[in-house]
Amino acid sequence: MIYIQENSNEPIYLQIYGQIKEDIKQGNIVHEERLPGIRTLAKTLGVAVNTVSRAYAQLAVEGYAEARHGSGFFVLDNSNKDTERNYISQNISTISVEGSDLKQPVSLYDFQYGGLSYEQFPFKLWRKYTSQILLSSQKDLVNQYPDKQGDLLLRQEIKKYLHRARGMVCCEEQIVIGSGLHYSLDILCKILLKENNRIAMEEPGYNGARDVFINNNYNLYPIPASKDGLTLSSIYRSGACAAYVTPSHQFPYGTVMPIYQRKELLNWAIANDAYIIEDDYDSELRYDANPVPALHSLDMDDRTIYIGTFSKSLSPSMRVNYMVLPVRLLTRYYSLFHTYNSPVSWLTQRVLAAYMREGYYERHVRKMCLNYKRRHDVLVQEATKMFGRKVVLYGRGAGLHFILEFPGGEEQEWLIKQAEKVGVKVYPMIPFWNDRNACPQNVIFVGYSLLDEQQIRKGIALLQSTWFSALP
């Protein structure tokens, strides 16, 4: 029996549809049973024929019933016996996700890496340019698909910026705007797969890049990295189609690749018909000298794939990065991705282009360098004062992170747990090793982009108290 509630906010056709659906799900109306005729039910309920017709149409759309020409509507089988028999209820609380923060204690002082403090973002100028663009003669483009490689005005500004800041010569046709390193590397994996499926990569190195290569079925060939730099001697035996490196600020150790190694790497690429993927993730943030010229600027044979980002200099949540493809790879890129649209919104790209065109981006970078240099210096000073020779810092002079080595042999698992007890969060180094057994146990990873100078001082003092106060 169907009951109509005249005073209900729910439309009558939905009341009819809902009650019939529930009867079908409960088994009160069974498979192959014919539903009452539309006119008959309409007369019985005292409603319009169109109302019942609409309810039946909704049941048919959702697969609860089907219309048979000249015969009416019949109930379909909705038992899903196979699914019910094979389905095993999963307790989501038992699923372990590495790095999950769901059950992590709250930390007063989080030495994390990646996020930037909100006050660094240029909110006022961003609002200004957003408003100007939405009121401009080109505002209709906000409802169009953006240029497949990214907004042309933004690519032109990036080209000019790279020439001024990184010593690079390229054209806007080589630049592809992406939504983060993972997106760009995923594109590259498909372009380079024509050659072979082996990538040479720093060990340790950025685990986010490593995961993209593995997910694309690439085999990894390790390039040993340490606090003293890379060891390139074995790369000639790698058989790799490309080498992924961070030459301006090796991640995670923070070393700068010297000029002779850059030339050696370029010679390897030429001799082996291979490519170099240069991840220039934080080149703007250098405090002890001018930014190091890009490896790309030394390349005379079109072998370097340059990847830059706005995540460390402007905002990681914008999800805007870019890569500069060698001319020799453009034909394959166009062939594979000519139907792909840019993953970054046109408005974000156009606002960023205006911000760069007026010179504000480079001013912002200089301001960021000054702010983070102060935090960098405070961390070095406080660590030196509090820890003395018990801790060695690696990665000075650039970026937003350090590696802390403990000559006394304190292990990272113990160090992290002790820090948590006093409300401080520091991080393991193990994730950056593909061969985790090779990771030294007496090192940890700390960033400082989210903490101000006072917080850094308090955090270091707490670490000293929990790590070393009981030691002689």
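## Packing of helices α7 and α8

In this predicted model, L181, H182, L185, D186 and C189 of α7 are in contact with G208, A209, V212 and F213 of α8, contact meaning heavy atoms within 4.5 Å. These residues comprise 6 nonpolar, 2 polar and 1 charged; Asp, Glu, Lys and Arg count as charged, Ala, Val, Leu, Ile, Met, Phe, Trp, Tyr, Cys and Pro as nonpolar, and the others, including Gly, as polar.

Helix α7 spans residues 181-192 and helix α8 residues 207-215, and their axes come within 9 Å, crossing at roughly 35 degrees. Axes are lines fitted to C-alpha atoms over the stretch in contact, with angles from 0 to 180 degrees between N-to-C directions. Helices are DSSP runs (H or I) of at least four residues, numbered from the N terminus. The α7–α8 crossing is right-handed, the near helix being turned clockwise from the far one by less than a right angle.

S136 lies in the loop between α5 (123-134) and α6 (152-166). Its side chain reaches the backbone oxygen of I133 at 2.8 Å. Because its relative accessibility is 25%, S136 counts as partly exposed (buried is under 20%, exposed over 50%, partly exposed in between; 1.4 Å probe, protein chains only).

## Cysteines

The whole structure contains 0 disulfides, defined as pairs of cysteine sulfur atoms within 2.5 Å. For C170, the nearest cysteine sulfur is that of C171, 6.6 Å away. C170 counts as buried because its relative accessibility is 12%; C439 is likewise buried, at 4%.

## Basis of the values

Residues are numbered from 1 along each chain as its sequence is written, and side-chain values use heavy atoms, leaving out hydrogens and water. Local features need pLDDT of at least 70 and side-chain atom pairs count only at pLDDT 80 or more, whereas totals for chains, interfaces and linings use all residues.

How values were computed. Helix = DSSP H or I, 4+ residues; strand = E, 2+ residues; numbered from the N terminus. Polar contact = N/O pair within 3.5 Å; in protein donor to acceptor, adjacent residues only side chain to side chain.
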